[in-house]
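Here's a quick look at the pockets and salt bridges of this protein. Have the model open while you read.

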Amino acid sequence: MKYELPKLPYDYDALEPYLDARTMELHHGKHHAGYVVKLNAALEKNEDIAKKPLEGLLADTTQIPEDIREAVRNNGGGHFNHSLFWETLSPEKEEPQDTFLEAVNKEFGDVASFQKQFTEAALGVFGSGWAWLIKTKNEKLEIVKTKNQDTPLNQGSLLLNLDVWEHAYYLKYQNRRPEYIEAWWSVVNWKKVAERFSRSLK
Ligand code: MN
């Protein structure tokens, strides 16, 4: 087994009432775990591809042989995206700070305007997918959307991602994606986002 399900840096109930314990347990312990199992199964079929870093494979899926390309793209993306997602959740209430805050203000005017635009993007994902905040190669903050488990790795540095698959919210919020997104803002780990932003400046 090459890839493993990462441990969460908090308990399943730590993000209550915003993200409920049962959803977190299923999302991490079943959905994410499932991507890891299927990713490993696909990579077992090709030793050379298995040796390559996942990030590089996802950034350019054309290098993956066709027989396992879809499996690696979907399940590798699922593993990668969720690993990032868990890291940018936290029970500690924080606000954007320092150089990251400056960059948000410069790009979007203020934090509220950024949040409004990001929320609109997340609501606009048709079906299953993700909303992202990235830092582009031109040093700009940008909000992008991806479908399924695709990752915008070739568009810039990944700072923040929001899972809008129904499995992320259906138990508690049913079809009310706007309520889920509003709740999610209360558990964003801004410290981690700022850390990723600083790292991307080097
Ligand atoms: Mn998910």
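Which residues are linked with Arg73 in a network of salt bridges? Glu70 and Asp150 are the partners that join Arg73 in that network. A salt bridge here is a side-chain nitrogen of Lys or Arg within 4 Å of a carboxyl oxygen of Asp or Glu. By that rule the count is 10 salt bridges.

A word on the ground rules: this is a predicted model, where local features need pLDDT of at least 70, side-chain atom pairs count only at pLDDT 80 or more, and totals for chains, interfaces and linings use all residues. Residues are numbered from 1 along each chain as its sequence is written, and side-chain values use heavy atoms, with hydrogens and water left out.

**Salt bridges**

Here are some of the pairs, with their N to O distances.

| Pair | Distance |
|---|---|
| Lys116 and Glu120 | 3.5 Å |
| Arg176 and Glu179 | 2.9 Å |
| Arg199 and Glu195 | 3.9 Å |

Lys116 and Glu120 sit four residues apart in helix H6 (residues 111-123), so about one helical turn separates them. Arg199 and Glu195 are also four residues apart, both in helix H9. Helices are DSSP runs of H or I with at least four residues, strands are E runs of at least two, and both are numbered from the N terminus.

As for accessibility (buried is under 20% relative accessible area, exposed over 50%, partly exposed in between, with a 1.4 Å probe and protein chains only), Lys116 is exposed at 56%, while Glu120 is partly exposed at 46%. Arg176 is partly exposed at 31%, and Glu179 is partly exposed at 37%.

**Pockets**

A pocket is an open set of points on a 1 Å grid over the protein atoms alone, where a 1.4 Å probe fits and protein lies on both sides within 12 Å along at least five of seven lines; lining residues have an atom within 4 Å of a point. Volume is the space filled by probe spheres set on the points, which are joined across faces, edges and corners.

The largest pocket holds about 290 Å³ of space. Its lining includes Glu55, Phe80, Arg196 and Arg199, and H4 gives the most, with four residues.

The second largest pocket has about 200 Å³. Of its 14 lining residues, Leu58, Thr61, Arg73, Asp150 and Thr151 lie nearest the centre. Domain 1 (21-87) and domain 2 (98-200) both contribute to that lining, so the second largest pocket lies between them; the domain bounds come from an automatic or database assignment.
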